[in-house]
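Here's a quick briefing to read with the structure open beside you. Have a look first, then go through the points by topic.

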Amino acid sequence: MGDLLSGPGRAMAPITDVAYEVLSLTGADIARVSARRPPDRANAYALLAACARDVEWRADLAQALDGLPPDERRRCGAEWFGAALESRRLGDPDAWRLDLLRAASRAHPRPWILIALSDVETDDASAARALMRAADLMDPAASVEPLGRAATRFLAAGRFEDALATLSTALGRRPDHRLSANRMIRLLIRERRPEAAARALDRLGGALLESDVHLHRSVIEEMTRGPEAAVAYLDAHAQAHRAERVYAVRRCTLLRRLGRSDDALEELSRFVSAGHDVTPPVVDMLIDLAGICRIDPAERLGISGRAVDLGVAPRRILPLKHRALEDQGLHAQALDLAREAIEADPADIAAYAMAVSSARHMLDDATVSDLIDAALRNCPDTPAHRADIAMLLLSAEENQRAREIAVQVIAQDPGNTVASRALLRTLTRLGDLREIQRRVEPLTALVPESASLVEGVIRLGAARALGGTNMPDDHESCARLLAPLLASGPIASARPDAPRDGGVVHVTGQLGVGGAERQCLWTAEGMMRRATLGPVSILAVRRRADHSIEEDVTASGVPLRYLEDAIAASDVRTALARMPDLEATARALAVLPPAQASTIVGLLVDFVETRPHTVHGWQDAGALAAVAGVLAGVPRIVIGGRRTMSKHNIPRLAEIRALYRLVLPRPDVTLLCNSHDGARSFERWLDLPRETAKVAFNGYDFDAMDRRAATRDPRDIRREHDLTGRPVVGLVARMHPMKRWHVWLDVLSRLPRDLDVVGLAVGDGVLRDEIESQARYMGLHERIRFVGRQMPPEPWFRALDLLVFVSGWGEGLPNTIIEAQALGVPVVTVDVGGAADTVVDGVTGRVVDVAGLSDDDVAAAVAQAAIPILEQPDLRSRMASQACDAARATFSIGAVISEIETHYERMAPLAAIDTTERAS
């Protein structure tokens, strides 16, 4: 680039050469180009380059062409100008640049023009063809690289045979090209063609290293004979390569697949300690294996001497150990570790970042605030350190403060890339496209590869396409740009008049073990058994690697599918290519944050293809499903609110709030909460009129509950844990900060010793080690049985005499309170979320008003309410009987499903919807 444009005495290159050299320049670069060219041509080149980058410059293309000599204008002007005018009419800057490159490649086919064209081609097959044309114009040896890229684009287009043929062409031109040979074999392996891969390996082995051959053979062995055979192959044939990183990683991966994680960790530890090649992927595998084995890798490896550096600087040992603790859920220990580092060096911003991460996992907002204040106080007041502070604030979700500091740093040091990244992240998090537009040029020059920059530019383009003249400056104004799209009715591909035979689809973010996920399953299962609504299915957006109820869903018989599977299989991409209006809608949805936009597009494709008459979204996935449902023409859409909004969750939900407010005014969308307190909190949060949010309680299959309860005799549990003859006060819940287990411990400590009360803690989670340590510190360890998570939990409820519930926030309708009462256990609960909807105060238990009280006072009030029930067996027995009767009368799954169906009918009677089944 510099040689091409330097020096006044250099011969002028053809306009097509120069123009495409400057296509990728920023505004500052264009100014420099102009300074090196005679005035009559400088403007022409600069304007032509700018036209290809920015929609605002399109009108100046004619002026750019006017600045060219007549012969050059005649040669390229007509075709290029025609392409520009057509794209200007379409109003799409990406299409403008694409048309310009297509016209130039036809008029002046040069390899680098064709390669530039492939970069902006949205159609993978077209991009691959452009790369192949470029390769045909190049020297055979140099053509192998674009041929490899062409194979990748063919593969993305689903054209496996074309990708294979392209790699064959590359190997025909350079038979010794190792990368192409490896690509071909990996491609055959990826397509599950082990026999073809083995033949290719025999043919191409001469182009590969011996270690390549052995690794490929091990994969083929695994595909044909299993991982044991692959390990045996490596042990028999590849001993000479044990010191190579790829061999070590491959063998450890196989051991892990065989369930031998401890052996894998041991082997990788020896590899690292021997001083072999260590890279970030190796370190990541170490940490991952240590997390699986619940071992601190710092201790496991005995980091000392030669092993200290692990291929990295000693300073990085602390983050590795911190990450290992975090991966095991030991957040309190991880926080202590980071605090030790801060004490050693009060200006260590990395240590503050680790401490903030741990405190946020513990939902300890006060500690997060203290850490940030300490960092601001102790770190040097230099632009570099303040840029790091901005990043720290970002990690704590302090977006406005991070923005202010980043802006101050950039004003002092315009070239500070850390501050530029921090500013971009804050602007995208806040949805401030207006500020992104104002700053896009200098930020592009500093951090062109930033993911936040890419997100911002994509959202800017979508906002322009939606007619946004004044760019939105927050998430709500971004979402409002979609209001006309939703108001225009379903997209044509949804075929609004065709029958809706897809029944009811329950949409949930994931299938964790929480109460909302179980309610989703039980509701879907109950509706399926009723068989009054047609097919019933569950659509989960993401899979969970652990602690999932997927097996329960499978056992229930309710059909389950995952949106991420459809996306991974390119089903969504294929649907977009098949339905042009769907693709246009997807482009408009790009004004939203990428995670929201991609999920809505995936849901929209699913709804268009499955044609449900009702979509019932659970938790925040409901807002995304509602947008997709409206665009798909679904006549009945429910968003299930499962929480009570509070100061702990509202700040983190600004993005999703915009979508709630976008769809809830519609008559075909209903917000259905599971408690009255939750409904009122949603109305306050969303500025909705009172009674906008409707209520349907959680529902339970009490027959199934009784069957699960009968799987174990509660008397056996009492004998096993030395509980016989003693009042048992328990809690069945996750060990999560919102459940306030520390207050529960305090309640037990305040109960009179002469009652001989014993505690039963049923649950697991991130705070278990901390809670057990606190119990020992309080002298309660002999009076409490920590039994972890128990499945099914029902027999453990029946082992209790009283359930004490002290959650601090975030509860919708607490399942554990209802389940305890239904199984004959009275409850003492604080008045949190929908707890007051579940307990009849003084009849089935006690509801304690703790508004404004400190944790100590909460514990005292709850203990005071529990003491009479524990002191009076007759009162306890009477409450237990009344609790069982009341819970089963109010919360039966049949009654709740009837209530939910009533809300469905209010939106659109099922009888008025054509649900005729499609022909096979």
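What follows is a short tour, from the whole chain down to single residues.

Keep in mind that this is a predicted model. The protein chain has 920 residues, and 54% of them count as buried. Its secondary structure comes to 49 helices and 13 strands.

**The chain as a whole**

- Among contacts in the protein chain with a separation of 6 or more, 66% are between residues 24 or more positions apart.

**Two helices side by side**

- Take helix H22 (residues 349-361) and helix H24 (residues 383-395): their axes come within 10 Å and cross at roughly 10°.
- With that angle, H22 and H24 are roughly parallel to each other, because the cut-off for that label is under 35 degrees.
- On the H22 side, the contact uses Ile349, Tyr352, Ala353, Val356 and Arg360; on the H24 side, the partners are Asp388, Ile389, Leu392 and Ser395.
- Sorted by type, the residues where H22 meets H24 are 6 nonpolar, 1 polar and 2 charged.

**Salt bridges worth a look**

- As a reminder, side chains of opposite charge can pair when their charged atoms come close.
- Arg480 and Glu476 form a salt bridge through their side chains, at 3.9 Å from N to O. Both sit in helix H29 (residues 475-480), 4 residues apart, or about one turn of the helix.
- That pair also belongs to a network of salt bridges that links Glu476, Arg480, Arg657, Arg661 and Asp687.
- Arg518 and Glu819 make another side-chain salt bridge, at 3.3 Å from N to O. Arg518 is in helix H31 (residues 515-530) and Glu819 is in helix H45 (residues 815-822), so the bridge ties together parts that are 301 residues apart in sequence.
- Glu819 has a relative accessible area of 3%, so it is buried.
- Asp706 and Arg798 pair up too, with an N to O distance of 3.7 Å. This one links distant parts of the chain, with Asp706 in helix H40 (residues 702-709) and Arg798 in helix H44 (residues 794-798), 92 residues apart.
- Asp706, at a relative accessible area of 26%, is partly exposed, and Arg798, at 34%, is partly exposed as well.

- For background, most residues other than glycine have a negative phi, and most peptide bonds are trans.
- Met791 and Pro792 are joined by a cis peptide bond, with omega at about -5°. You'll find Pro792 in the loop between strand E10 (784-788) and H44.
- Gln619 isn't a glycine, yet its phi is positive, at about 60°. It is in the loop between strand E4 (614-618) and helix H37 (621-631), and its relative accessible area of 27% makes it partly exposed.
- Arg740 is another non-glycine with a positive phi, about 50° here. It falls in the loop between strand E8 (728-732) and helix H42 (741-750), and at 11% relative accessibility it counts as buried.

**One buried threonine**

- Thr599 is part of helix H36 (residues 594-610).
- Its relative accessibility is 12%, so Thr599 counts as buried, because the limit for that is under 20%.
- Leaving out residues up to four places away in sequence, Thr599 touches Val541, Leu563 and Leu624.

Methods. Residues are numbered from 1 along each chain as its sequence is written. This is a predicted model: local features need pLDDT of at least 70, side-chain atom pairs count only at pLDDT 80 or more; totals for chains, interfaces and linings use all residues. Side-chain values use heavy atoms; hydrogens and water are left out. Buried means under 20% relative accessible area, exposed over 50%, partly exposed in between (1.4 Å probe, protein chains only). Contact means heavy atoms within 4.5 Å. Axes are lines fitted to C-alpha atoms, for helices over the stretch in contact, and angles run from 0 to 180 degrees between N-to-C directions. Angles under 35 degrees count as roughly parallel, over 145 as roughly antiparallel, 65 to 115 as roughly perpendicular and the rest as oblique. Ala, Val, Leu, Ile, Met, Phe, Trp, Tyr, Cys and Pro count as nonpolar, Asp, Glu, Lys and Arg as charged, and the others, Gly among them, as polar. A salt bridge is a side-chain nitrogen of Lys or Arg within 4 Å of a carboxyl oxygen of Asp or Glu.
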